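Please examine the sequence and the model shown below before reading on. The paragraphs that follow lead from a single residue to the chain as a whole.

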Amino acid sequence: MPRWTIFYAIAGIIVLAVIWCLVPKPELLVSIIVRLFAFGIAVFVSVKFREWKILFLAAMFLLMALRQVLTFLIWTNEL
């Protein structure tokens, strides 16, 4: 495994651990981040392989993340 991959994995774990300690509803925020990451990966794969059908999966990830953002804002009394 390349060194950069290990570095990114460790950095991601540290960032998620810090978020877990600082945010009122950390499980929602971590879930939002994971779904937005999945959205980005789906768009990347769709562009790389020129397969438009994967964009439906990307749209699903984006809509799920937006719903969770609204839930997060409601639970933290920001909306």
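Arg-50 is exposed, because its relative accessible area is 78%; buried means under 20% relative accessible area, exposed means over 50%, and partly exposed lies in between, with a 1.4 Å probe and protein chains only. Arg-50 sits in the loop between α2 and α3. Although Arg-50 is not a glycine, its phi is positive, at about 50 degrees. The model is predicted, so to speak of local features requires pLDDT of at least 70, side-chain atom pairs count only at pLDDT 80 or more, and totals for chains, interfaces and linings use all residues. Residues are numbered from 1 along each chain as its sequence is written, and side-chain values use heavy atoms, with hydrogens and water left out.

The protein chain contains three helices and zero strands, where helices (H or I, at least four residues) and strands (E, at least two) are DSSP runs numbered from the N terminus. Read from the N terminus, the order of elements is α-α-α. The protein chain is more spread out than a compact globule, because its radius of gyration is 15 Å, well over the 12 Å that the globule rule gives for 79 residues. That radius is taken over C-alpha atoms, and the rule is 2.2 Å times the number of residues to the power 0.38. Along the principal axes, the C-alpha atoms fill a box of roughly 40 × 35 × 10 Å. Of the 79 residues in the protein chain, 20% are buried.

How do the helices meet? Helix α1 (residues 3-22) and α2 pack at an angle of about 145 degrees, and their axes are 8 Å apart. Such axes are lines fitted to C-alpha atoms, for helices over the stretch in contact, and the angles run from 0 to 180 degrees between N-to-C directions. The crossing of α1 and α2 is right-handed; a crossing has this hand if the near helix is turned clockwise from the far one by less than a right angle, and is left-handed if anticlockwise. On the α1 side the contact (heavy atoms within 4.5 Å) is made by Leu-16, Ile-19 and Trp-20, and on the α2 side by Pro-26, Glu-27, Leu-29, Val-30 and Ile-33.

Helix α2 (residues 26-49) also meets helix α3 (residues 54-75): their axes come within 8 Å and cross at roughly 160 degrees. The two helices are therefore roughly antiparallel to each other, a term for angles over 145 degrees, while those under 35 count as roughly parallel, 65 to 115 as roughly perpendicular and the rest as oblique. The crossing of α2 and α3 is left-handed. Among the residues that make this contact are Ile-32, Arg-35 and Phe-39 of α2, and Leu-55, Phe-61 and Gln-68 of α3.

Not counting residues up to four places away in sequence, Gln-68 touches Leu-28, Ser-31, Ile-32 and Arg-35. Leu-55 also lies in helix α3, but Leu-55 counts as partly exposed, at 42% relative accessibility. With residues up to four places away in sequence left aside, Leu-55 touches Val-43 and Ser-46.
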